[in-house]
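Good morning, colleagues. Please have the display in view as I speak.

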Amino acid sequence: QVQLVESGGGLVQPGGSLRLSCVASGFTLDYYVIGWFRQAPGKEREGVSCFSRSDGSTYYVDSVKGRFTISKDNAKNTVYLQMNSLKPEDTAVYYCAAYSRRKVSGANCQNGRGYDSWGPGTQVTVSL
C-alpha cells in the first residue's frame, strides 16, 4: 500500500526557514515521480516543486524559485522541501504526492492532476 506522510511544518516568522519531509512507504521512490504541492485557504492547489519523470530534473513555480529546493534520499525513501526566505504568502497546507513512472498519461506538476497518492499534508504558517 502506497503511503506518504509529511512532516516539518509549523509557524515561522517571515524570512525564516523550514524543511519539510515526505516519507514514503509501500513503494520505492526510484519507481515513482514525486512532487510538492500547496493549498492556501480559498485558493486552488498549486504545484510548488516536482521531479521530472523523464530526466529527474526539477520544476519550481516562479514564486519559490531561488528560495525552495526539492531533494530526495533514496536510502531513506524520503523527499525533502527546503524552504528559505519564507514569506507570508507561502502560508498553506503542503502536500507531497506521487505517481508511478509507468503511468502512460503522466501527471501535471502545476496542478497535481494525475498524481495518484497523496499525503495528509502539513501546515506551514509564515507570520510575525
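**A loop residue, then the cross-links**

Let us begin with A75, which sits in the loop between strand 7 (68-73) and strand 8 (78-83). Please bear in mind throughout that this is a predicted model. A75 has a relative accessibility of 75% and therefore counts as exposed, the cut-off being over 50%. In sequence, A75 and T28 are 47 residues apart, while their C-alpha atoms are 9.5 Å apart in space.

I turn now to the disulfides. The count for this model is 2 disulfides. In one of them, C22 is bonded to C96, with the sulfur atoms 2.0 Å apart. Which parts of the chain does this pair tie together? C22 belongs to strand 3 (residues 18-25) and C96 to strand 9 (residues 92-100), so the bond joins parts that are 74 residues apart in sequence. The link of C22 and C96 is right-handed, with 65° about the S-S bond. Both C22 and C96 are buried.

The other bond that I wish to show joins C50 and C109, and here the sulfur atoms are 2.0 Å apart. C50 lies in strand 5 (residues 46-51), and C109 in the loop between strand 9 and strand 10 (117-118), so this pair connects parts that are 59 residues apart in sequence. The torsion about the S-S bond of C50 and C109 is about 90°, so this disulfide is right-handed. Are these two cysteines buried or exposed? C50 is buried at 2% relative accessibility, and C109 is buried with a relative accessible area of 14%. With the bonded cysteines numbered in sequence order, the pairing reads 1-3, 2-4.

Next, the salt bridges. How many does a search of the whole structure find? The search gives 5 salt bridges. One of them pairs D90 with R67, at 2.8 Å from N to O. This pair links distant parts of the chain, 23 residues apart: D90 is in the loop between strand 8 and strand 9, and R67 in the loop between strand 6 (58-60) and strand 7. D90 and R67 are both buried. They also belong to a network of salt bridges that links R38, E46, R67 and D90.

K65 forms a salt bridge with D62, the closest N and O atoms being 3.0 Å apart. D62 is exposed, with a relative accessible area of 59%. Finally, K103 and D116 form a salt bridge, again with 3.0 Å between the closest N and O atoms. Both K103 and D116 lie in the loop between strand 9 and strand 10, 13 residues apart in sequence. D116 counts as exposed at 51% relative accessibility.

Notes. Residues are numbered from 1 along each chain as its sequence is written. This is a predicted model: local features need pLDDT of at least 70, side-chain atom pairs count only at pLDDT 80 or more; totals for chains, interfaces and linings use all residues. Side-chain values use heavy atoms; hydrogens and water are left out. A disulfide is a pair of cysteine sulfur atoms within 2.5 Å. Helices (H or I, at least four residues) and strands (E, at least two) are DSSP runs, numbered from the N terminus. Buried means under 20% relative accessible area, exposed over 50%, partly exposed in between (1.4 Å probe, protein chains only). A salt bridge is a side-chain nitrogen of Lys or Arg within 4 Å of a carboxyl oxygen of Asp or Glu.
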